[in-house]
Amino acid sequence: MKKIVLLSLAIILASTPALAISRYNSMSMTCAEARATINRERAVIMRYPAKRTPKMTLYDRYVADSRSCDVGFYADQDYLPTKDRASCPVYICRPATDFDDDTLIFRR
């Protein structure tokens with residue numbers, strides 16, 4: 001019984017940081033507000049309507065830079081729809097294996 005309690009506690013503690021990330025609706029923000037929020041919080045979840053099926057909501061994690069990505073990932077430019085722009089430039093984490101062979105990874 002003690003092992004089950006300890007295992008349950010470990011699982012709960014391990015999942016807690018994932019709950020700390022803020023969630024926002026990108027369509028309620030301007031591009032500047034979305035970028036400022038991402039830079040201030042370092043990583044956020046943004047939700048937005050799908051282009052092909054506007055009734056469907058999409059979610060993704062956007063980051064300030066590569067330091068906000070897990071090991072083996074890097075920040076790559078992506079675009080997010082906002083209240084004032086159809087394509088606001090932001091960063092998203094991508095696996096380092098997406099790099100071409102001649103590209104080097106530099107971390108601060």
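1. Disulfide pattern. Counted along the chain, the bonded cysteines pair as 1-3, 2-4. The structure, a predicted model, holds 2 disulfides, a disulfide being taken as a pair of cysteine sulfur atoms within 2.5 Å. Residues are numbered from 1 along each chain as its sequence is written, and side-chain values use heavy atoms, with hydrogens and water left out.

2. Cys31 and Cys88. These two cysteines are joined with an S to S distance of 2.1 Å. The bond links distant parts of the chain, 57 residues apart: Cys31 belongs to helix α2 (residues 31-41) and Cys88 to strand β5 (residues 88-95). The torsion about the S-S bond of Cys31 and Cys88 is about 75°, so this disulfide is right-handed. Both Cys31 and Cys88 are buried, that is, under 20% relative accessible area, as against over 50% for exposed and in between for partly exposed (1.4 Å probe, protein chains only).

3. Cys69 and Cys93. Here the sulfur atoms lie 2.0 Å apart. Cys69 sits in the loop between β3 (57-63) and β4 (73-80), and Cys93 in strand β5, 24 residues apart. With a torsion of about -95° about the S-S bond of Cys69 and Cys93, the disulfide is left-handed. Cys69 and Cys93 are buried.

4. Overall organisation. The chain has 2 helices and 5 strands, in the order α-β-α-β-β-β-β from the N terminus. Helices (H or I, at least four residues) and strands (E, at least two) are DSSP runs, numbered from the N terminus. Of the 108 residues, 28% count as buried. The accessible surface comes to about 8000 Å², and 58% of this surface belongs to carbon and sulfur atoms; areas follow the Shrake-Rupley method with a 1.4 Å probe. Of the contacts (heavy atoms within 4.5 Å) between residues at least 6 apart in sequence, 36% join residues at least 24 apart.

5. Nonpolar cores. A nonpolar core is a set of buried Ala, Val, Leu, Ile, Met, Phe, Trp, Tyr and Cys residues joined through side-chain atoms within 4.5 Å. The largest has 11 residues, including Met29, Cys31, Ile38, Met46, Tyr62, Leu80 and Cys88. At least two residues of this core come from each of α2, β2 (43-49) and β5. Apart from this core lies another, of 7 residues, among them Ile21, Ala43, Val63 and Cys69.

6. Surroundings of Leu80. With neighbours within four places in sequence left aside, Leu80 is in contact with Ser26, Met46, Tyr48, Tyr62, Arg85, Ala86, Ser87, Cys88 and Val90. Met46, Tyr48, Tyr62, Cys88 and Val90 are, with Leu80, members of the largest core.

7. Helix α2. Which residues of α2 are buried? They are Cys31, Ala34, Thr37 and Ile38. These residues cover an arc of only 130° around the axis, which puts them on the same side of α2; the arc is that of the directions from the helix axis to the C-beta atoms. The buried residues of α2 pack against β1 (22-25), β2, β3 and β5. The face turned away from the buried side carries the exposed residues Ala32 and Arg40. After α2 comes Arg42, with a positive phi near 75°.

How values were computed: This is a predicted model: local features need pLDDT of at least 70, side-chain atom pairs count only at pLDDT 80 or more; totals for chains, interfaces and linings use all residues.
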